[in-house]
Amino acid sequence: MLGRIRSARRAASSLHFIGGGSTTNRAAAATNILQRYEQQTQQSFLHPTAASSSTSHFFSSTTAPLSSEFLKSYDAHVAERAAMAGGKLGGIAPKPLDAAQTATLIDELRAASSSSPDGDRLVELLSHRVPPGVDEAAYVKAAYLSAIALGKESPTLISPLRAVELLGTMQGGYNVGTLVELLSSDNDELKACAAEQLKHTLLVFDAFHDVVDLSNGGNAAATEVLESWAAAEWFTSKPDIPDKITVTVFKVTGETNTDDLSPAQDAWSRPDVPLHALAMLKNARDGIVPEKDGEIGPLGQIDELLQKGHPLAYVGDVVGTGSSRKSATNSVLWFMGEDIPYVPNMKTGGVCIGGKIAPIFFNTMEDSGALPIEMDVSNLNTGDVVDIYPKEGEVVDRACDEVIAKFELKTNVLLDEVRAGGRIPLIIGRGITSKARVALGRDASVADTFNLPVAPEDTPKGYSLAQKMVGKACGVEGIPPGQYCEPTMTTVGSQDTTGPMTRDELKSLACLGFSADLVMQSFCHTAAYPKPVDVVTHHTLPDFIQTRGGVSLRPGDGIIHSWLNRMLVPDTVGTGGDSHTRFPLGVSFPAGSGLVAFAAATGVFPLDMPESVLVRFTGTMQPGITLRDLVQAIPYTAIQNGLLTIEKKGKKNVFSGRVLEIEGLPDLKCEQAFELSDASAERSAAGCTIKLNKEPVIEYLQSNVVMLKWMISEGYGDPRTLERRIARMEDWLANPHLMEADDNAEYAEIIEINMDEIKEPILALPNDPDASALLSEVAGDKIDEVFIGSCMTNIGHFRAAGKLLADKKSATLPTRLWVSPPTKMDAAQLSEEGYYSTFGTAGARMEMPGCSLCMGNQARVEPGCTVVSTSTRNFPNRLGQGSNVYLASAELAAIASIEGKLPTVDEYMKYMSTVDATAADTYRYLNFDELPEFVEASDKVEISDEMREAAKKLSIL
């Protein structure tokens with residue numbers, strides 16, 4: 001089966017010419033990048049005021065470079081960073097050099113002589129402080145080193161041989177062409193060195209075929225490279241995982257969510273890993289003493305533990321729940337990982353141990369080369385020195401020499417991932433080893449070198465809906481739980497607080513064009529209250545995405561999911577750098593920025609197919625009950641059935657790491673269906689599917705075709721990608737069909753929820769989205785602030801809230817009310833219908849369409865207040881410092897804003913009788929094919945024959 005799965009992937013990869021992943025498009029993208037770099041560099045040196053803020057921080061003049069002046073400026077920056085956080089742990093590392101700084105450094109290298117006193121330091125900076133891949137600074141570095149290696153520039157402090165060696169440290173991208181060219185050099189020493197560097201370079205992409213062609217033409221050096229790749233020397237030359245790993249325990253009791261490790265308020269600093277890491281665990285909690293409460297984490301505690309002479313292992317009862325932030329992993333590894341040679345300010349390795357580790361966080365640890373282990377942590381305490389035996393599955397307390405815990409690794413591949421430096425390098429490396437063997441006329445199998453995923457012993461009797469969707473994306477009928485696969489990624493999403501990191505990951509992958517069919521970037525998390533660094537992102541990230549064939553939204557457009565969902569093709573698979581990338585059509589597996597970049601760049605996604613939990617709704621929705629109540633009924637029922645616990649120690653969660661599959665609500669509109677799939681993130685589910693009838697899906701796609709054509713008319717790019725997606729939607733509409741689960745599909749658990757028995761609202765209690773209670777159990781609690789917004793809302797919720805507020809008796813609200821529609825189209829329609837007037841009259845604070853309070857990185861509620869929110873999750877300190885947050889429907893939230901308290905059930909039902917009476921008008925959704933402005937614009941857009949043909953080829957996969 002694995003062979004067929006990979007064959008399907010190769011078939012998909014052969015279609016890369018239709019999108020951003022083609023050689024032609026990559027070359028065009030590279031040209032654009034280099035032209036922009038040259039213009040930017042010229043501006044930086046000719047007009048200092050036009051230089052980037054980071055550049056001007058280092059340089060105050062553009063006079064002829066002097067080594068001592070450069071180092072004086074650089075050392076000032078180093079000293080400034082070393083003094084941060086009071087100098088604890090030596091402060092933080094200096095920033096990597098950007099393109100303009102690298103160019104200045106190179107000018108000084110050119111002007112230096114072998115007797116220059118600072119020569120060694122200049123070479124060291126060029127060697128170690130420039131990011132690899134296709135970063136703009138990497139281009140400047142590669143261009144200089146290539147010129148020396150190819151004899152186009154006279155060497156000063158760096159010899160041609162050393163230049164080739166340094167090119168070999170740059171991982172891939174701009175360095176590869178020179179290394180391949182040198183395989184044909186007349187200089188045997190340079191030729192041999194270039195071959196040696198290529199042996200350990202994995203990101204060669206199309207240059208692989210150049211090496212094959214040289215080998216077939218009799219080039220011995222090229223053949224030597226192929227033989228090395230075939231023998232996997234890039235892997236076998238790395239140290240094997242030791243039999244014993246000694247660590248000092250750093251334990252955080254209870255639940256650690258990614259907001260604890262990478263706080264939303266500090267999202268602006270995420271690309272600056274050492275700076276952002278200062279905020280890890282910045283809020284005091286049991287056993288954690290921050291350096292400065294609310295600002296700087298427990299550096300003193302970390303420093304004290306490091307004095308024991310061993311690396312630290314992060315240990316917790318529940319670790320990594322919440323958002324899909326690779327920045328959380330980066331922060332942990334900054335203190336507990338190992339430096340990566342020639343890659344500034346990133347670390348790998350490290351050990352993370354949890355009673356439960358959230359699946360997305362587990363994956364980001366894998367991607368980073370760390371060793372994540374799930375096991376009983378009750379006998380592990382901060383300061384303990386323990387020996388971990390990864391191959392035997394035991395942990396021994398050094399103090400008593402006793403086994404205190406046993407474990408099994410999640411997969412047999414995990415230790416290979418650690419050895420390779422992460423899951424992504426391993427996948428790419430295994431692929432190049434297999435391809436090299438085929439090129440040399442050998443069998444493609446790499447089982448003699450690597451631990452390959454083990455297929456499940458038993459074939460299921462039938463497949464669930466998710467298993468069929470993933471199977472289709474792999475070219476097979478279905479994928480059983482436990483099977484490793486690499487499904488084709490049809491849709492990939494990226495948002496703005498993780499987007500800059502995804503951009504860095506794409507650069508490190510040497511990606512100049514997307515292979516995923518559609519990649520979309522949003523700006524919903526930072527548009528309303530942008531910091532200076534966010535403004536830079538708003539100006540630079542769209543171009544980065546679009547030149548690679550992606551689609552970029554604009555600041556103020558609204559929430560990523562409300563747009564991305566309208567670009568979906570039914571029954572397909574995708575991912576996104578936001579934990580709420582939970583498609584209402586098809587299935588998505590949200591991930592950290594590294595894996596999202598990999599999916600965008602390669603068009604595939606590594607997946608160990610999870611088990612599924614079926615939630616089946618029966619009966620009929622009762623008066624006054626909303627979909628948000630059904631959302632909360634899922635954890636509420638699981639708790640009643642003993643399948644979910646609130647206590648973190650020994651946490652039980654039947655949904656964790658599994659696909660939540662929902663049936664029994666087939667006539668939901670797709671906007672409504674997303675309310676259910678969206679909340680699967682709070683269950684720590686790997687993904688979610690919802691069984692819908694064709695009629696609401698047809699209605700949704702007909703509307704979405706018009707919206708995407710309107711986007712083209714409005715100048716959104718990349719237009720070719722939008723055209724291709726429209727054509728795929730129209731192909732589906734011409735022959736609408738939806739996959740269904742087999743009747744004999746097997747599930748890890750089946751949960752039945754009878755809607756006839758849900759007669760009052762169900763809320764999430766402060767401050768845990770799993771903790772659930774009936775309204776009657778919490779009625780009367782005083783409410784200070786109310787938030788109606790987030791991706792859990794749609795236009796119907798705002799109409800309902802508006803109608804309730806219009807009937808309020810008092811002139812002013814006793815609460816502070818925040819209102820933020822999900823998109824600018826919702827806001828415009830609500831304004832046209834008069835609801836903005838109603839909200840304004842009620843004294844509501846109207847927020848720009850977007851995430852607003854939900855993430856907690858923009859505006860925040862008052863410290864210590866009690867809130868009713870329609871947002872996604874309510875972790876401690878998320879919406880406001882020390883706030884207590886209930887999660888509830890927009891209807892209940894509006895009523896609470898009027899009453900200043902949680903109403904009784906009778907009070908609630910009295911209010912809701914007015915909403916139910918006009919439900920048909922209230923719960924109308926944005927059908928763009930019925931809005932004249934959008935229809936008129938879409939009628940002017942023609943889809944090219946080329947994109948229609950490309951869409952057909954993709955649709956048959």
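**Entry 1**

I take two strands as paired if DSSP finds at least two bridges between them. Helices (H or I, at least four residues) and strands (E, at least two) are DSSP runs, numbered from the N terminus. The model is a predicted one, in which local features need pLDDT of at least 70 and side-chain atom pairs count only at pLDDT 80 or more, while totals for chains, interfaces and linings use all residues. Residues are numbered from 1 along each chain as its sequence is written, and side-chain values use heavy atoms, with hydrogens and water left out.

I looked up the strand order first. Seven strands make an open sheet, S6-S5-S2-S1-S7-S8-S9, with mixed pairing. Strand S6 (371-374) and strand S9 (402-406) are the edge strands, and each pairs on one side only. For angles I use axes, lines fitted to C-alpha atoms (for helices over the stretch in contact), with angles from 0 to 180 degrees between N-to-C directions. Neighbouring strands of this sheet are turned by 40° against each other on average, direction ignored.

Strand S1 (residues 245-257) and strand S7 (residues 385-389) run antiparallel and are joined by four bridges. Thr248 stands opposite Val385 in S7.

Helix H16 (residues 299-306) lies across S1 and strand S2 (312-321), at about 155° to S1. H18 lies across S2, strand S5 (351-357) and S6, at about 165° to S5.

**Entry 1. H17 against H18**

I followed H18 to its helix neighbour. The axes of helix H17 (residues 326-336) and helix H18 (residues 359-367) come within 9 Å and cross at roughly 55°. H17 is therefore oblique to H18; angles under 35 degrees count as roughly parallel, over 145 as roughly antiparallel, 65 to 115 as roughly perpendicular and the rest as oblique. The crossing of H17 and H18 is right-handed. By the rule I use, a crossing is left-handed if the near helix is turned anticlockwise from the far one by less than a right angle, and right-handed if clockwise.

From H17, the contact takes Lys326, Ala328, Thr329, Val332 and Leu333, and from H18 it takes Phe361, Thr364 and Met365. I sorted these residues into five nonpolar, two polar and one charged. Ala, Val, Leu, Ile, Met, Phe, Trp, Tyr, Cys and Pro count as nonpolar, Asp, Glu, Lys and Arg as charged, and the others, Gly among them, as polar.

**Entry 2. The four-stranded sheet**

I found another open sheet, of four strands in the order S19-S18-S17-S20, with parallel pairing. Strand S19 (687-690) and strand S20 (749-754) are at the edges with a single partner strand each, so one side of each is left without a neighbour in the sheet. Neighbouring strands here are turned by 20° against each other on average, direction ignored.

Strand S17 (residues 612-618) and strand S18 (residues 659-663) pair in the parallel sense over five bridges. Leu614 has Glu661 in S18 as its bridge partner. Helix H21 (residues 465-474) packs on the sheet and touches S17, S18 and S19, its direction making about 105° with that of S19. Helix H26 (residues 627-640) lies across S17, S18 and S20, at about 125° to S20.

**Entry 3. H28 against H29**

Helix H28 (residues 694-713) and helix H29 (residues 719-734) pack at about 155° with their axes 10 Å apart. H28 is therefore roughly antiparallel to H29. H28 passes H29 in a left-handed crossing.

The residues of H28 in the contact include Val697, Leu701, Val705 and Leu708, and those of H29 include Leu722, Ile726, Met729 and Trp732. The residues of this contact divide into 13 nonpolar, two polar and four charged.

Most residues other than glycine have a negative phi, and most peptide bonds are trans. I searched for exceptions. Gly717 and Asp718 are joined by a cis peptide bond with omega about 0°, and Asp718 lies in the loop between H28 and H29. Pro766 and Asn767 are also joined by a cis peptide bond, with omega about -15°. Asn767 sits in the loop between strand S21 (762-764) and strand S22 (772-774). Gln171, a residue other than glycine, has a positive phi, near 75°, and is placed in the loop between H8 and H9.

Technical notes: Contact means heavy atoms within 4.5 Å.
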